[in-house]
Amino acid sequence: MTVLDRRSLLATAILAPAAARPAMGRTAAHHAAAHHAAAHRKTHAAHKSYASFLAGIREEAIAQGLSAAIVTRALALTKTPNARVLKLDRHQPEFTMTWAQYRTRVVGATRISQGKAAWQQRQDLLEQTGRAYGVDPRAIIGIWGLESGFGRKTGSFSVIDSLATLSYDGRRAKFFHGELMKALQILDHGDILPEAMLGSYAGAMGQPQFMPSAYLRFAVDADHDGHRNIWTSEPDVFASVANYLHKSGWQDGAPWGQPVQLTQPIDQARTGRGKTRTLGEWMSLGVRRSDGSRFSRPDEPGALLRPDGDGTEAFMVYHNFNVIRRYNPSDYYALGVGLLGYAIA
């Protein structure tokens, strides 16, 4: 899954779901793309007013069989392009965060403490959900913690307003147009009222921070009330996250990874999630568990990660690490989810 398959980058590493990914610096190609997008926006705006754009969306949605009343009600939530949404989208931070900095922000003592309290209150539900989907409940709570601070920060933007603004704006217009139409489908299904469909400035919704396309594929009505409510129903939230991981290929009973120590130098060129060897081969190169002991399954394939380079923290990662990356394609994010879940439970 690409970044745009689920949601756009958010502004900080503290507010959900921005804790999900380290920011990346721009290249010359990015600058060229930005220039092209700006020219596209000017052309787009010159040929169609926002009111005309919304009228076209309404016509398209109704032609797809969606309720005219619901579509009209939803689009009434956006009158003009949302200036704050555009500012956040165009002025994302341009800095590179080290793994050590990222870990301090997203797997710090405060978040672990909050996670332990959340686990204690919801352990039975999380474990029941994990069993039902064949997914480690620690991965579920790890994602929940990074995405929304255990349900505390889910976004305050109208999803329809945000997606309409970004679709009209022209930068990634095709992507956001598709997400807007899917959001209208969700409203047509009756899972949530238009006014209650809140999320990030980029349209990521509810406690799992699903984009509408991900919602349609993975959201679950676990409490059987007739609605897939990822905003306020924790059974639905946990089951939806678990369903996402299950359908992404989670291997039940297998770990995502583990911290390791190196007893001899290993060239950084040998590291990376795509460079797998058996644990037996890694042991021959001097890799050991964090306590210095040998791995118990020498035939198991794994990859060595050392995000901050030589002499820094190292991890052995397995298949389920890559499954977490399907939720968010960032090594930092997947490490954060795994470490937070293990620290909590």
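Leucine 126 is found in helix H7, where helices (H or I, at least four residues) and strands (E, at least two) are DSSP runs numbered from the N terminus. At 0% relative accessibility, leucine 126 counts as buried, meaning under 20% relative accessible area, with exposed over 50% and partly exposed in between (1.4 Å probe, protein chains only). This is a predicted model: local features need pLDDT of at least 70, side-chain atom pairs count only at pLDDT 80 or more, and totals for chains, interfaces and linings use all residues. Residues are numbered from 1 along each chain as its sequence is written, and side-chain values use heavy atoms, with hydrogens and water left out.

**Around leucine 126**
- Setting aside neighbours within four places in sequence, leucine 126 is in contact with Trp119, Pro137, Ile140, Ile141 and Phe238; contact means heavy atoms within 4.5 Å.
- Leucine 126 and aspartate 136 are 10 residues apart in sequence, and their C-alpha atoms are 9.0 Å apart in space.

**Helix H6**
- Which residues of helix H6 (residues 99–106) are buried? They are Trp99, Tyr102 and Val106.
- These residues cover an arc of only 65 degrees around the axis, so they sit on the same side of H6; the arc is that of the directions from the helix axis to the C-beta atoms.
- An α-helix has 3.6 residues a turn, so residues three or four places apart point the same way.
- The buried residues of H6 pack against helix H7 (109–133), helix H8 (137–148), strand E7 (314–317) and helix H15 (331–344).

**Glutamine 207**
- Now look at the loop between strand E2 (198–199) and helix H11 (212–218), where glutamine 207 lies.
- Is glutamine 207 buried or exposed? Glutamine 207 counts as buried because its relative accessibility is 5%.
- The side chains of glutamine 207 and tryptophan 144 are joined by a polar contact of 2.7 Å. Such a contact is a pair of N or O atoms within 3.5 Å; within protein, one must be able to donate a hydrogen and the other to accept it, and residues adjacent in sequence count only if both atoms are side-chain atoms.
- Beyond four places in sequence, the residues in contact with glutamine 207 include Glu147, Ser148, Ile230 and Trp231.

**Helix H10**
- The buried residues of H10 include Phe175, Phe176, Leu180 and Leu184.
- Just after H10, glycine 190 takes a positive phi of about 85 degrees.

**The whole chain**
- The protein chain has 15 helices and 7 strands.
- Of the 345 residues in the protein chain, 50% are buried.
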